[in-house]
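This briefing concerns the protein chain shown below.

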Amino acid sequence: MMKDEGPFVLEWIAHHLAVGFTDILVYTNDCSDGTDEMLIRLEELGLAHHRRNDIKPGIRPQPSAIKYAQNEPVVCASDWVLMFDADEFLCIRHGDGSIDGMINSAVEVGANGVVITWRTFGSGGVHDWSRAPVTEQYLYAAPTMWNKGWGVKTLFKFDPEYWKLGIHRPKIKNKHLETGFPDTVKWLNGSGQPMEEYFKYRGWRSIVRTVGYDWVQMNHYAVKSIDSYAIRKFRGNVNFKKDKYNSDYWALQDRNEAFDDGVLRYSQRRRQIYDLLLTDPVLNKLHFNAVENAEARLDAFKDTPAYKKLVVGLRAASKISISEVVAKPPKKRDPEKIATLMSNVEKKASQREKLERRKRISTNWDRKGDIYIDGHGLSHDSKPQEFHENKELAVPADPQIFTPSALHAITEGKFERNGARRIPQLLTNGDTYLELGAGIGFLPAVIAKECPSVRAVAQEDRDDLAGAAVRFWQHNQLDLGASLALVTSPVGATKAPPSQAPGLPGLLSETRCNVLHVNHPGISARLLGDALRTSSEHLPRAIILGARSLANQMNEKDVTAVLAEQNFAPVQDNPLANALLFVANP
């Protein structure tokens, strides 16, 4: 859907022909800058399809165009369909960057759809209007972890008999919900991983469990430069939203925290197609008329009080940190209302998936990954802008330290929540709690606050994380001393073989810990067993193998066998999620 996008039409068309689309269909409404005439000419040249979106007063253009597209022969004859806007440019990281290559890989794993998450691109500090390509001017974007930018668009295998089109994702027609058709829908996320079952039926955003950018992302250039934004504001939008383009919207969309030039892989091919389009005298004239029209409109209001007021507001909005951005709050989730809207097939699918997910969580002892970024040597001179309360502790939402899933847990107040709730219950007065690979020392901090008679020792041999732990404790007014200690000597295997980690036996003997929490990704079950054997004079009564250490474990059976040699048995009714709990037999 387009309205007065004349200066950008040819770049947008050229880019998506370079990506590999074969049929591009555009609906226009109320154009005054020749956008519709350009698309009519492109249709005459066989390079695009144009339809006028005729609407009655008060009707929103976007839903109207979707309704027309549902029965449009070009759409109905398509193999795969993707619906998106003029400020969105598809960027495929997969393979050679072609749409065919990505679709082929999806088909190879039995998929018939790919759910593509937005990547919000900001102004990059650009103020003035420019004729340079959008995809080359704006190369700064929001961090991938920023969930306010996680709206999606869906590329899927279309059949008008089964699907009703939608701006973010299609909807299965009601008459097919209670059939076997939903079971044939197999969609992937932007990293080529299976989407969750619920998304077949509802939702328009990615969540932590489904977000992915390894294969593809939708570059969303919602603001561009200040001048370009001003033109757009005074032009209106395809949904007639009053005062949409204000300072709040700018603050939300002008995100420039991360550099991302992945879209430049298409620059050469896009430029070739763009230059070829301009060899057509009709397109050439229409294009430059549109550009000059936009520049004339900009000149007309650039010296007005309204423009100057807008610039002041936008510059102030640009200074708002990502942690302080306020998005329009979503409607509060109403589980009962959702349940009444869910079809029987969706309820059954949702229940089945929840059971499967719980099973994966409870048995996936070899899960990969970490809650911390592998960022050795990163500078942390600047203070984090955002803190969130977790167990009455202010935790920094620092993307230099934490992975996206951990950041989301922090913002939700759920960081290491299960351990923070359950581990203090394992402790008694006078105990020593030792955590190997404590990261920023969150759990030792919780214990120091809630169990003042317990000594909490945090071991962390990554300098950046150890430094972050000290800053985190200081921020929360926790002092190093008898009840809270930090050890930075190495205990796990890095480049050296596991047998060459002499620090662990010494630390176990020195601390004489009662509860040992192994959260160090460099410690294997065998290394731990060897250390316990060496320190057999004083063994803890309980051992927790945390999620970070599990990245290097083989499986529960092997872990159990190794610790059984030291007379530790697994707790059958284990209250710790994503962790194994062992106790010493009497």
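The model is predicted. The mean pLDDT of the protein chain is 87, and a mixed, open sheet of seven strands is among the features described here.

**Second largest cavity**

- The volume of the second largest cavity is about 50 Å³.
- Its lining is made up of Val-81, Leu-82, Met-83, Thr-154, Phe-156, Leu-165, Gly-166, Ile-167, His-168, Arg-169 and Pro-170.
- By residue class, this cavity lining comprises seven nonpolar, three polar and one charged.

**Second largest pocket**

- The pocket lining divides into 24 nonpolar, four polar and four charged residues.

**Seven-stranded sheet**

- The strand order in the open sheet is S17-S16-S15-S18-S19-S21-S20, with mixed pairing.
- Strands S17 (484–487) and S20 (568–570) are at the edges; each has a single partner strand, so one side of each lacks a neighbour in the sheet.
- On average, neighbouring strands of this sheet are turned by 20 degrees against each other, direction ignored.
- Strands S18 (residues 515–518) and S19 (residues 542–545) run parallel and are joined by four bridges.
- His-517 has Ile-544 in S19 as its bridge partner.

**Helices on the sheet**

- Helix H18 (residues 463–475) packs on the sheet, where it touches strand S16 (455–459) and S17. The direction of H18 makes about 165 degrees with that of S17.
- Helix H19 (residues 503–511) also packs on the sheet, in contact with strand S15 (432–436), S16, S17 and S18. The direction of H19 makes about 165 degrees with that of S15.

**Confidence**

- Of the residues of the protein chain, 87% reach a pLDDT of 70 or more.
- Residues 236–241 have pLDDT below 50, and this stretch has 18 contacts in the model beyond near neighbours in sequence.
- Residues 376–384 stay under 50 in pLDDT, with 11 contacts in the model beyond four places in sequence.

How values were computed. Residues are numbered from 1 along each chain as its sequence is written. This is a predicted model: local features need pLDDT of at least 70, side-chain atom pairs count only at pLDDT 80 or more; totals for chains, interfaces and linings use all residues. Side-chain values use heavy atoms; hydrogens and water are left out. pLDDT is the predictor's confidence in each residue, from 0 to 100. Contact means heavy atoms within 4.5 Å. On a 1 Å grid over the protein atoms alone, a cavity is a set of points where a 1.4 Å probe fits but cannot get out, and a pocket is an open set with protein on both sides within 12 Å along at least five of seven lines; lining residues have an atom within 4 Å of a point. Grid points are joined across faces, edges and corners, and a volume is the space filled by probe spheres set on the points. Ala, Val, Leu, Ile, Met, Phe, Trp, Tyr, Cys and Pro count as nonpolar, Asp, Glu, Lys and Arg as charged, and the others, Gly among them, as polar. Two strands pair if DSSP finds at least two bridges between them. Helices (H or I, at least four residues) and strands (E, at least two) are DSSP runs, numbered from the N terminus. Axes are lines fitted to C-alpha atoms, for helices over the stretch in contact, and angles run from 0 to 180 degrees between N-to-C directions.
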